[in-house]
Amino acid sequence: QYSDRAEEFTATYESLTFEQVHQQVLDLIPNKGSAVLDVGAGSGRDAAWFAQRGCDVVAVEPAQGMLDKGRKTHPEPQINWVQDSLPNLTETIKLGLSFDLILLSAVWMHIGPNEKQRAFRKLAALLRPGGMLIISLRTGEFSDGRQSYPVALGELEKLARDRGLVLVRLCQSE
């Protein structure tokens, strides 16, 4: 679905700035020179924002159409585009990298209930000591047929605790 509608989704994603979408966590964003993993990078808006601030970014996108559009829209040399997906992140793990920040913006609801524990374990393993994982939780179903699953803060908090991670901030937005 994302590949078939890549033009439409890219226009929607690019209509908002990184700051508009992530305003409540801007102060948590790492500095220049940080390694960032953007899982479900979509059009690359967020990956480009990090790249323009001097971060090295791995932008992971499972949908070939979105990946192609992202590469074209944001060809910054600091962005390494990788076709991969949760829960395995096989291609990403093959890179042998660890990250100061991992961002999942509007992704977690696409992970099936039986895949969430493995997905979180893979993400936590990719974090550097002291690294940060930012996950936005989208609730509700899509009206356009895209698959989504229920998300729960309590479940995510338990997954974090089980991996030795601590919840730093909880925000709610429209």
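Which side chain is joined to that of Trp49 by a polar contact? In the predicted model, the partner is Glu19, and the two side chains are joined by a polar contact of 2.9 Å. Trp49 is found in helix α3 and is buried, its relative accessible area of 11% falling under the 20% cut-off. Not counting residues up to four places away in sequence, Trp49 touches Phe18, Glu19, Leu26 and Ile29. Between the C-alpha atoms of Trp49 and His74 the distance is 9.7 Å, although 25 residues separate the two in sequence.

After α3 comes Gly54, with a positive phi near 85 degrees. Leaving aside neighbours within four places in sequence, Ser43 is in contact with Thr10, Tyr13, Glu14, Met66, Gly70, Thr73, His74 and Trp81. Two of these contacts, Met66 and Gly70, are buried residues of helix α4 (residues 64-73), in which Gly65, Leu67 and Lys69 are buried as well.

Backbone geometry was examined next. Most residues other than glycine have a negative phi, and most peptide bonds are trans. The peptide bond from Leu86 to Pro87 is cis, with omega near 15 degrees, and Pro87 lies in the loop between β3 (79-82) and α5 (90-94). Leu89 has its place in that loop too, and its phi is positive, near 50 degrees; at 0% relative accessibility, Leu89 counts as buried. A positive phi of about 60 degrees is found for Ala106, which is located in the loop between β4 (99-104) and α6 (116-126). Ala106 is partly exposed, with a relative accessible area of 37%.

The structure holds seven salt bridges, among them the pair Glu91 and Lys94, whose closest N and O atoms are 3.2 Å apart. Because Glu91 and Lys94 are three residues apart in helix α5, about one helical turn separates them. An α-helix has 3.6 residues a turn, so residues three or four places apart point the same way. Within this pair, Glu91 is partly exposed at 35% relative accessible area, whereas Lys94 counts as exposed at 59%.

Other salt bridges connect separate elements. The side chains of Asp100 and Arg128 meet at 3.0 Å, N to O; Asp100 lies in strand β4 and Arg128 in strand β5 (residues 127-135), so that this pair ties together parts 28 residues apart in sequence. Both residues are partly exposed, Asp100 at 23% relative accessibility and Arg128 at 32%. In a further salt bridge, the closest N and O atoms of Lys116 and Glu155 are 3.8 Å apart. Lys116 belongs to helix α6 and Glu155 to helix α7 (residues 153-162), and the pair therefore ties together parts that are 39 residues apart in sequence. Here Lys116 is buried, with a relative accessible area of 2%, while Glu155 counts as partly exposed at 33%.

Terms used: Residues numbered from 1 in each chain as written. Predicted model: local features only at pLDDT ≥ 70, side-chain atom pairs only at ≥ 80, totals over all residues. Heavy atoms only, no water. Helix = DSSP H or I, 4+ residues; strand = E, 2+ residues; numbered from the N terminus. Buried < 20%, exposed > 50% of the residue type's maximum accessible area, 1.4 Å probe, protein only. Contact = heavy atoms within 4.5 Å. Polar contact = N/O pair within 3.5 Å; in protein donor to acceptor, adjacent residues only side chain to side chain. Salt bridge = Lys/Arg side-chain N within 4 Å of Asp/Glu carboxyl O.
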